Amino acid sequence: MPSRDGNGWVRCALGHRHWGRFGAAGLLAFVTSGPVLLQRRTWWSHHGGTWGLPGGARDSHESALAAALREAAEECEVPPDAVHPRGVFTDDHGGWSYTTVLAEAQEPFVVHADDDETDEVAWLPLHDVKGLDLHPGLAARWPELSRELSPVTIVIDGANVVGSRPDGWWRDRAGAAVRLRGELAPLVRQGITELPEDARQALAAEHANGEESDRRRTDRGRDDADRAADGLTRMRWLPDVVLVVEGAARPAAAAPDAGPVQVVAAPGSGDDTIAALAAQTAGRRVVVTADRELRERCVAVGAAVTGPSWLFGRL
Ligand SMILES: [Zn+2]
């Protein structure tokens with residue numbers, strides 16, 4: 001039997017009472033450009049009758065990711081393999097935190113309200129969510145969370161990035177690409193806590209009409225203003241990383257021990273392959289290159305672009 005030592009009330013540094021001695025975690029499952037999975041708590045539970053996320057107390061030995069998936073499986077029969085974690089949003093009150101795991105589903109899967117405390121669980125259209133009676137914790141963070149409901153893919157111009165460090169790469173181009181692949185693995189395994197600023201703007205613009213953008217700016221201003229009184233929030237993205245290699249570096253795509261970074265050998269020009277990935281990859285794309293012409297091609301198809309120095313700052 002698992003220990004379940006997280007059950008219990010605590011008081012956070014902001015003076016609230018919360019459930020979960022080691023914090024709590026919830027699952028925000030979404031289909032990109034589609035519905036989100038929410039559950040409604042039964043009337044007698046804490047904030048009964050409101051819509052929120054499947055989730056609950058973390059145990060002392062448990063990561064937020066593991067807790068969110070366990071609770072979602074227990075409460076709604078979410079199959080752990082049916083979702084792909086794309087981000088982790090932490091709302092830290094000091095002495096207690098709530099972690100939202102944003103997880104992508106390829107399509108809505110069948111769910112059941114499996115728990116005494118759950119009245120209903122459903123896939124709901126994204127645009128209906130703000131009209132619902134939401135759990136106050138979810139309502140407070142919905143403006144931020146709703147911006148993050150699509151995967152992030154980082155596409156790396158291997159020739160340009162490798163070439164920007166004079167480390168002898170010209171003696172073995174494939175070997176240099178394999179070394180870069182190894183350096184990139186932690187971006188996938190541990191995620192990143194910063195996106196390039198122009199990436200965030202491009203992503204926001206893509207996702208909204210004018211009225212929504214105005215509301216979002218207002219929300220952001222308010223978030224910044226009352227952050228001191230309202231705890232600290234932090235987003236960690238779990239991106240897909242694609243390294244594009246060309247010419248003499250192409251054998252890197254077939255090198256053993258691939259790890260989590262996908263290496264694509266460009267059949268012709270690396271720029272053409274990168275521009276095609278920028279155009280065709282679903283969700284949000286960040287292209288890493290200093291090449292001015294390639295930058296323009298990628299921006300034209302809605303990708304965000306940043307330079308190698310941003311990438312080296314994350315490694
Ligand atoms: Zn609190």
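**Exercises on a predicted model**

Cys12 and His18 are both buried (under 20% relative accessible area, with a 1.4 Å probe and protein chains only). The model is predicted, so local features need pLDDT of at least 70 and side-chain atom pairs pLDDT 80 or more, while totals for chains, interfaces and linings use all residues. Residues are numbered from 1 along each chain as its sequence is written, and side-chain values use heavy atoms, without hydrogens and water.

**Exercise 1.** Identify the protein donors of the zinc ion and state the geometry of the site.

Step 1. Donors are N, O and S atoms within 2.8 Å of the metal (3.2 Å for Na, K and Ca); water is not among the atoms, so sites may look incomplete.
Step 2. Cys12 (SG), His16 (ND1), His18 (NE2) and His93 (ND1) lie 2.0 to 2.3 Å from the zinc ion.
Step 3. Their spacing in sequence is C-x3-H-x1-H-x74-H.
Step 4. The angles among the four donor atoms are 101 to 129 degrees, and the site is tetrahedral (four donors, all angles between 85 and 135 degrees).

**Exercise 2.** Give the strand order of the five-stranded open sheet and find its edges.

Step 1. The order is S13-S12-S10-S14-S15, with parallel pairing (at least two DSSP bridges between two strands); strands are DSSP runs (E) of at least two residues, numbered from the N terminus.
Step 2. S13 (262–265) and S15 (304–306) each have a single partner strand, so one side of each is left without a neighbour in the sheet.
Step 3. Inside the sheet, five bridges join S10 (residues 152–157) to S14 (residues 284–288); Val152 has Arg284 as its bridge partner in S14.

Note on methods
Four donors count as tetrahedral if all angles lie between 85 and 135 degrees; four count as square planar and six as octahedral if opposite donors are over 155 degrees apart and all others between 65 and 115; anything else is irregular. Buried means under 20% relative accessible area, exposed over 50%, partly exposed in between (1.4 Å probe, protein chains only). Helices (H or I, at least four residues) and strands (E, at least two) are DSSP runs, numbered from the N terminus.
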